[in-house]
Amino acid sequence: MSSLPEEICFDILQRLPVKSTLSTKQFFGLWNPNTNEYKELPKLPNKFVDRIIYPYAFGYDYNSGYYKVICLYVVADGSSVDVYTIGPNSWKNTLVIPYGLYLVEEPGVLVNGVFHWLGYRTDNFSDVIISLDISGEKFKELQTPKVSLEKKQLGLSVGVLKDCLSVLCSGVNVEVWVMQDYGVQESWTRHYTITHERILRDCTLRLIWSFSSGEMLFTTGGCYLTDLVLYDPNDGSARKPDMHVANQIFAFRNAMNAIVLKA
C-alpha cells in the first residue's frame, strides 16, 4: 500500500487527539471544513477548567436531534461532566462520576454508539473502561481484559478494531484484545501479540484504524502526536505509512465528516 485514499486519510485525521499545551488558554469551537464556517462555543461553566486539558467527546444525539460536546475534568471524588448542546447553545453540568481518567486531552472511542475512555474506580483504583451514552448522558463501566500485571506494566489503551471495542496491553509484548460481544466480559479475546521493536518501544501506542488487508494504524506520542506506525500482522512488519499528518489541528474521533471540533 503505497498511499492512502483521501477519504480514509480524512477519517483517520478525525481519530487523532487534539494538540495543545498547558500554557495556552483553551477554548472550544466547531468548524465545518466543507463550508469553512466556524463557531466558538460559550465558556465552560467551571472557571477552573479553561487552563487544563481534559478528556472529551463529540457526537450526534439522535433522540434530541442536536450535536453534543462532552468534557470531563477531575474533581475530588471522581470526574465532573459538562455537556454542551449546539441547539440551545449552552453548557450544563450533569453529574459527578466515581471514576478517574488516566489520559488527559483524550477523545472518547466510539463503539456501538457509545463513547469509551480508560479509567479507574476511585474507591479501589481498579482499571475499568468508562462508557457514555451521549443521548441519555449516562455512564457505565466495562471491565478490561483479565491479564497479568506483567502484560500491562506499561499501560493500557482503548481503541477500535473492525468495529469492536479493543484494548492494547503494553508490557513485554503488545497484546491486542477485542471484545467480540459488546458488554460481555467473557468475550474479551486476544487477537494479536506484537513483538516488533518499533511497536514495543513506545508506551503511548494507540490503535486508531484497521484496514481490510489486516494492517493496523497506530499513533505514538499519546496526546502530543509524534508519529504514525503501520503494522501488518500477516508478516509482523511495521513501517511509517506514506501519508502526511499536520498535527496542529485535529478533530474528534469518529465524528461526522462535515463537522470538526477544534481546540
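## Strands β18 and β19 and their sheet

Strand β18, which covers residues 227-232, is joined to β19 by three bridges, and the two strands run antiparallel. Within this pairing, D232 stands opposite S237 of β19. Strands here are DSSP runs of E with at least two residues, and helices are runs of H or I with at least four residues, both numbered from the N terminus; two strands pair if DSSP finds at least two bridges between them. This is a predicted model, in which local features need pLDDT of at least 70 and side-chain atom pairs count only at pLDDT 80 or more, while totals for chains, interfaces and linings use all residues. Residues are numbered from 1 along each chain as its sequence is written, and side-chain values use heavy atoms, with hydrogens and water left out.

β18 and β19 belong to an open sheet of four strands in the order β16-β17-β18-β19, with antiparallel pairing. Its edge strands are β16 (206-210) and β19 (237-239), each of which pairs on one side only. Neighbouring strands of this sheet are turned by 30 degrees against each other on average, with direction ignored; the axes behind such angles are lines fitted to C-alpha atoms, for helices over the stretch in contact, and angles run from 0 to 180 degrees between N-to-C directions.

## The sheet from β3 to β6

An open sheet of four strands, again with antiparallel pairing, has the order β3-β4-β5-β6. β3 (56-61) and β6 (90-97) stand at its edges with a single partner strand each, so one side of each is left without a neighbour in the sheet. From one strand to the next, the twist averages 25 degrees.

## Aromatic pairs

Across the whole structure, a search finds six aromatic pairs. Rings of Phe, Tyr and Trp (its six-membered ring) pair if their centres lie within 6.5 Å, and planes under 30 degrees apart count as stacked, over 60 as edge-to-face and the rest as tilted. Y60 and Y62 form an edge-to-face pair, with 4.8 Å from centre to centre and 85 degrees between the planes. Y60 is partly exposed at a relative accessible area of 28%, whereas Y62 counts as exposed at 68%; buried means under 20% relative accessible area, exposed over 50%, and partly exposed in between (1.4 Å probe, protein chains only). F58, Y60, Y62 and Y67 form one aromatic cluster.

Another pair is made by Y84 and W91, whose ring centres are 5.4 Å apart and whose planes stand at 50 degrees, so the pair is tilted. Y84 is buried with a relative accessible area of 0%, and W91 is also buried, with a value of 12%.

## S166 and the cysteines

S166 lies in strand β13 (residues 164-170) and counts as buried at 0% relative accessibility. A polar atom of the S166 side chain lies 3.3 Å from the backbone nitrogen of V160. Leaving aside residues up to four places away in sequence, S166 touches S157, V158, G159, V160, L161, W177, V178, W188 and L207, where contact means heavy atoms within 4.5 Å.

The structure holds zero disulfides, a disulfide being a pair of cysteine sulfur atoms within 2.5 Å. C164 is partly exposed, with a relative accessible area of 22%, while C169 counts as buried at 1% relative accessibility.

## Loop residues

The loop between β10 (127-133) and β11 (138-143) contains G136, which is partly exposed with a relative accessible area of 37%. The C-alpha atoms of G136 and N63 are separated by 8.8 Å, although these residues are 73 residues apart along the chain. E137 is placed in the loop between β10 and β11 and is buried, with a relative accessible area of 12%; its phi is near 55 degrees, a positive value in a residue other than glycine.

K162 is found in the loop between β12 (155-161) and β13. Phi of K162 is likewise positive, near 55 degrees, in a residue other than glycine, and K162 is exposed, with a relative accessible area of 54%.

Definitions and conventions:
Polar contact = N/O pair within 3.5 Å; in protein donor to acceptor, adjacent residues only side chain to side chain.
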